[in-house]
Amino acid sequence: MINVTKTYLPPFEEYQEYIKGIWERNQLTNNGPLVRELEKQIQDFLGVKHCLFVSNGTIAIQIALKVLNITKEVITTPFSYCATSHSVVWEGCKPVFADILTSDLCIDPQKVEEAITADTQAILATHVYGNPCEIYELQRIADKHNIKLIYDAAHAFGVNVDGKSLLSFGDISTCSFHATKVFHTIEGGAILTNNDDYAWLIDRYRSFGHIGDEYLTIGINGKNSEFHAAMGLVNLPKVGEIIQARKEIFEIYDSILNWEKLGRPELRLATEKNYAYYPIFLESEKVLLRVKAALGEHQIVPRRYFYPSLSTLKFVTEESNCPISDDFALRALALPLYYDLAHDDARRIAEIVNQHL
Ligand SMILES: *Cc1c(COP(=O)(O)O)cnc(C)c1O
């Protein structure tokens, strides 16, 4: 079976080396040496001042909202994984959906500006498929209206714009290091910021709000373990290789798929990509289901991504007007893409897709 994604596993011995050290030290969690080492290496890799390793990419968004004191309206994208809007609701805030751009399916800055009210406190935008949002325009809007800007950068590890990591933009960027992502720590995530005060508070919040006997604030348990950090330390030096392998598969799809009948994201900013996903936009949901079924007959499992449009989930919001997101969510399909997908398989997948358009 060929699934939409496959977790990268490093050579077992490399992981084992780190695990031996954990046994020797007998420290498994609570901000251990491997966690601190991973944070430092990620800061250097990304060129971001603070990286705080947490248990997953969802708690990262929740803590980001908490640190920025967001309690009212958050303008966010309907075209993302449900963790984005669920975090907003879980934190007791109100998600206000602004529709997306047809070019790259990231949030439309003009729609963001139109959605601003006296209660708006933050913008929470996703770099969809690792493609950058309109980062400069969103920052301008945030500054003009004195609101915070948070990026759900779960897809964006390894992406650079104008020579800088995409995770260095906004007040805070969050990332997921889940096993399905380009860089992973099994489960895990990070909160990235250049602001010292935020970093200090994030560190408190992820660890119950206290340091030893000093109880400073409320907090949650968002810590991550030495075992997860070890996986990150083994995988981080391989990110370049993994991205290169993905790029080759990406180019095979690019060259074979029938673009007369298919759409794909168009980028406007100077971007070094991470090739995190290979989305195609079919003509209609009917064609999508036909292509998905045809691939399924060959044990090939693509993923509807993102689906559904978050604006259609009644437990998230009763009110929304996002026709572009609603439309793309019905006809966007991510094709299999992972570091060791055989090139012949990629060709075969592209040909099956073409035959059923
Ligand atoms: C994976 C993902 C998340 C959630 O991350 P977890 O680590 O699984 O909690 C959030 N947002 C987006 C866009 C994602 O792709």
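S14 and strand S17 (residues 332-335) run antiparallel and are joined by four bridges, with Tyr278 opposite Leu335 in S17. Here, two strands pair if DSSP finds at least two bridges between them; strands (E, at least two residues) and helices (H or I, at least four) are DSSP runs, numbered from the N terminus.

A word on the source: this is a predicted model, where local features need pLDDT of at least 70, side-chain atom pairs count only at pLDDT 80 or more, and totals for chains, interfaces and linings use all residues. Residues are numbered from 1 along each chain as its sequence is written, and side-chain values use heavy atoms, leaving out hydrogens and water.

Now for helix H6 (residues 135-145), where Ile135, Leu138, Ile141 and Ala142 are buried. They sit on the same side of H6 because they cover an arc of only 130° around the axis (taken from the directions from the helix axis to the C-beta atoms). Asp143 and Lys144, on the other side, are exposed. Buried means under 20% relative accessible area, exposed over 50%, partly exposed in between (1.4 Å probe, protein chains only).

| Element | Residues |
|---|---|
| Helix H5 | 109-115 |
| Strand S5 | 120-126 |
| Strand S6 | 148-152 |
| Strand S7 | 160-161 |

After H6 comes Asn146, with a positive phi near 55°.

Elsewhere, Leu216 lies in the loop between strand S12 (214-215) and helix H8 (226-235). Leu216 counts as partly exposed because its relative accessibility is 36%.

Notes
Contact = heavy atoms within 4.5 Å.
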